[in-house]
Amino acid sequence: MPKAPRGTFDILPQEHVYWKYVEDKANSLCRLYGYQSLSTPIFEDAQLFIKTIAGGTDIIDKEMYIFADKSGQELALRAEGTAPVCRAYIEHGLFNLPQPVKLYYIGPAFRYERPQAGRYRQHHQFGFEALGEADPALDAEVIEMARQFFDSLGLSRLSIHLNSIGCKLCRPAYLEVLKQHYASYIDHLCPDCKARLIRNPLRLLDCKKTSCQEIAKTAPKITDYLCPECQLHFQSVQKYLGAMNIPFHLNPRLVRGLDYYTRTVFEIEPREKGGQSTLGGGGRYDDLIESLGGKPTPAVGFAAGLERIILNLKKQKIDIPSLPKPDAFIAYTGEEAKIEAVKIASELRKAGIAVILATGDKSLKGQMRQANSLGIAYALILGEQELSKRSAMLRDMRSGEQKTIPLSEIAKILKPR
Ligand code: HAM
């Protein structure tokens, strides 16, 4: 019996209450900040991710779903949302629009990870990207927008961690001193970090192994090596965050799991940390669009994982509004009444009234039990006696009150209820 693949899961109707809640908040947030939605394909040319996320990161080295299609083209399931947005920005000439272009997306991403709570092989991201603007006020706005998103969901006790990882001018000098620091501990490094030392030294700071974290504690700080422009940018971001009263923690060891970032990087996580706790992360990626063949274009963005958000909504016991129930249930006795019931159900739905029509050959008692279990407020009962008078019984399922109403007035009576 086939099952959902490891690291993936079905979202059952009762879970969709959460999904709809989060998606509605995301859509309202984006309207508030002037972001428009953009959808990109679920698979892309594999090179899009290989070029932008870069080797030496877990995502590229271990987690990509890469396959050749029947023509032999190498494709990859979407591993994240930023590179596809940048590809679309170049491909559709969005750089010709007034800048910045502000776009958002909600959709699945795929990473071949070891599944555990909060970490899946298919997860869903809500992300937003502002392309074509270098102003540090926009970095601060993106951080504030992320914070506003979590606030609107009702999530509390979250912290914002902030850092600057410099630019292609100042980072190389930092990487040299970082490598020297780690080289003096070479025998104590885990096998992954030995490889990182050669391929992607910045990622050394992000190793989760306790022994490597000890070495990170005494590592030189990138913020001591920023060029004057990156320094000023970082200070400005902090100044604007201060103006908006957004608290944040400076974390000079914060680096992200993707390689395209420049200057500002940030992550948001619950104060009580645990395993896969980061709810969202983002930052500036001023070189990404150029690396894909576009003109040099500064950009900044953020993405959050919907599964982790929902885990936290449950953990923090946030009250989620339930999804609307159907307006009425239609029950009947006998074939003649059933024909009338089919007709009435069709007419009511055309009038915008949500109805469930009893089906099968349940007794009237069985039909009413069904209406009750669905939590529907009103039931219409069509019996032979009522039909002969072109009327139906309307029953308030909560109070048990019943009254006879003419068939011609059902829609008029139900609509305001
Ligand atoms: P990311 O940090 O790789 O960033 O992913 C964003 C969020 O997606 C994470 O903070 C986490 O909540 C969720 N997430 C990632 N992997 C998994 C997984 N395996 N299972 C469950 N949830 C997961 C990005 O993807 C960047 N594109 C963010 C960005 C946008 N940077 C600039 N703009």
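This briefing covers salt bridges and one surface patch in a predicted model. Local features need pLDDT of at least 70 and side-chain atom pairs count only at pLDDT 80 or more, while totals for chains, interfaces and linings use all residues. Residues are numbered from 1 along each chain as its sequence is written, and side-chain values use heavy atoms, with hydrogens and water left out.

**Salt bridges**

- The structure holds 22 salt bridges (a side-chain nitrogen of Lys or Arg within 4 Å of a carboxyl oxygen of Asp or Glu).
- E15 and K314 form a salt bridge at 2.9 Å, N to O. This pair links distant parts of the chain, 299 residues apart: E15 is in helix α1 (residues 13-33) and K314 in helix α11 (residues 306-315). Helices are DSSP runs (H or I, at least four residues), as are strands (E, at least two), numbered from the N terminus.
- R199 and D61 also meet in a salt bridge, at 2.9 Å, N to O. R199 lies in helix α7 (residues 191-199) and D61 in helix α3 (residues 58-63), 138 residues apart.
- D24 and K20 pair at 2.7 Å, N to O. They are four residues apart in helix α1, so about one helical turn separates them.
- D58, K62, D192 and R196 are linked in a network of salt bridges.

**Exposure**

- E15 is partly exposed because its relative accessibility is 24% (buried is under 20% relative accessible area, exposed over 50%, partly exposed in between; 1.4 Å probe, protein chains only).
- K314, at 35%, is partly exposed as well.

**Nonpolar patch**

- I42, F43 and F67 form a nonpolar surface patch with about 260 Å² of accessible area together (Shrake-Rupley method, 1.4 Å probe; for residues, only the protein chains shown count as cover). Patches are made of residues with over 30% relative accessible area and no salt bridge; like charges are joined within 9 Å, nonpolar side chains (Val, Leu, Ile, Met, Phe, Trp, Tyr) within 5 Å.
- F67 lies in strand β3 (residues 66-68).
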